Amino acid sequence: MDIGIIGTGNVGGALGRRWAFLGHNVTFGSREPESDRVNELMRRIGAGVSATGIADAARASEIVVIATPWPATEAAVAACGDLSGKIVIDCVNPHKADFSGLEIGTDTSAGEKVAEWASGARVVKAFNATGAGNMREPAYGRTTADMPICGDDEDAKAVVRGLAEEIGFDVIDAGGITSARLLEPMAMLWIHLAYNLEQGVDIAYKLLRR
Ligand SMILES: NC(=O)c1ccc[n+]([C@@H]2O[C@H](COP(=O)([O-])OP(=O)(O)OC[C@H]3O[C@@H](n4cnc5c(N)ncnc54)[C@H](OP(=O)(O)O)[C@@H]3O)[C@@H](O)[C@H]2O)c1
């Protein structure tokens, strides 16, 4: 698949590396695609990736991943240009800069804001409720970390489920895009445990069933 990833940081880098390794064609959309930092990321990932401007990466891709800081996300989505019909994966957590809580929530979410800004796109919230380290390696011994996803377009959600399963996650379908109101606080709890309570980043959610 042709996957555009907007943002070359922890999440974009982790997902891009995994999907490129699995044979997908990954194009990073960056504000500075020629920078030493982005060149170094391309060199480290190797085959199957390239970097360009945000609009070009979005135009070239059937799937566009938004992996930008919350305060930069509206501008990043706008810089993508026309996203109608594309699958947009929103990884963004609208947390405060000091990790003390979320900027928005309960009656809306970053997922719903991205869906509003990316008019006509098929938005799926995914890859937000765990750390980037778990995207590099979701296995915990013989079990594997869960990845909750949500979105209103069932076909788009099936594609994102496949991409998450290829990486190795167990996927939980959490329903429509308004469930991003639940997935973002879930991420906030993960951040609180990992950083504020110093449990470290090698922690992940698992839903038990019987
Ligand atoms: N870190 C995690 O473990 C984790 C896990 C799940 C979800 N998330 C969420 O995923 C999103 C990305 O997190 P991250 O940790 O990957 O962030 P990051 O390492 O800071 O990278 C964000 C990337 O976004 C791009 N960007 C565009 N506009 C920007 C701006 N105004 N300021 C800074 N960067 C800008 C940058 O790429 P260019 O410089 O190439 O444009 C940057 O590399 C956030 O919303 C975060 O809440 C993070």
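Let's begin with two neighbouring strands. E2 covers residues 25-29 and E3 covers residues 49-52, and the two pair in the parallel sense over four bridges. Within this pairing, Val26 sits opposite Val49 of E3. Keep in mind that what you're looking at is a predicted model.

## E1 and its two partners

Strand E1 spans residues 2-6. It is mostly covered, with four of its five residues buried. E1 pairs with E2 in the parallel sense, over five bridges, and in that pairing Ile5 has Phe28 of E2 as its bridge partner. Here too there is a right-handed β-α-β unit, made by E1, H1 and E2.

E1 also runs parallel to E4, and four bridges join the two. One spot to look for is Gly4, whose bridge partner in E4 is Val64.

## The whole sheet

Now zoom out. Eight strands form an open sheet with mixed pairing, and their order is E3-E2-E1-E4-E5-E6-E9-E10. Which strands stand at the edges? Those are E3 and E10. Each has a single partner strand, so one side of each is left without a neighbour in the sheet. On average, neighbouring strands of this sheet are turned by 25° against each other, direction ignored.

Another parallel pair in the sheet is E5 (residues 87-90) with E6 (residues 122-125), again over four bridges. In this pair, Asp90 has Lys125 of E6 as its bridge partner.

## Helices packed on the sheet

Helix H4, residues 70-80, packs on the sheet and touches E1 and E4 (63-66). The direction of H4 makes about 160° with that of E4. H8 packs on the sheet as well, touching E5, E6 and strand E9 (146-151). For H8, the angle with the direction of E9 is about 150°.

## Where H1 meets H2

Helices H1 (residues 10-21) and H2 also meet each other: their axes come within 10 Å and cross at roughly 35°. The crossing is right-handed. On the H1 side, the contact is made by Gly13, Gly16, Arg17 and Ala20, while H2 brings in Leu41, Arg44 and Ile45. Sorted by class, this contact has three nonpolar, two polar and two charged residues.

## Two loop residues with positive phi

Most residues other than glycine have a negative phi. Thr106 and Phe127 are worth a look with that in mind. Thr106 isn't a glycine, yet its phi is positive, about 65°. You'll find Thr106 in the loop between E5 and helix H5 (110-117). Phe127, not a glycine either, has a positive phi of about 60°, and lies in the loop between E6 and helix H6 (132-136).

Are these residues buried or exposed? Thr106 counts as exposed because its relative accessibility is 73%, which is over the 50% cut-off. Phe127 counts as buried because its relative accessibility is 1%, under the 20% limit.

## One more loop: Thr178

Finally, Thr178 is in the loop between strand E10 (170-173) and helix H8 (180-196). Its relative accessible area is 44%, so Thr178 is partly exposed. Thr178 and Asn134 are 44 residues apart along the chain, and their C-alpha atoms are separated by 24 Å.

Notes:
Residues numbered from 1 in each chain as written. Predicted model: local features only at pLDDT ≥ 70, side-chain atom pairs only at ≥ 80, totals over all residues. Heavy atoms only, no water. Pairing = 2+ DSSP bridges. Axes fitted to C-alpha atoms, helices over the stretch in contact; angles between N-to-C directions. Left-handed = near helix turned anticlockwise from the far one by under 90°. Contact = heavy atoms within 4.5 Å. Nonpolar A, V, L, I, M, F, W, Y, C, P; charged D, E, K, R; others polar. Buried < 20%, exposed > 50% of the residue type's maximum accessible area, 1.4 Å probe, protein only. Right-handed = clockwise from strand over helix to strand, strands pointing away.
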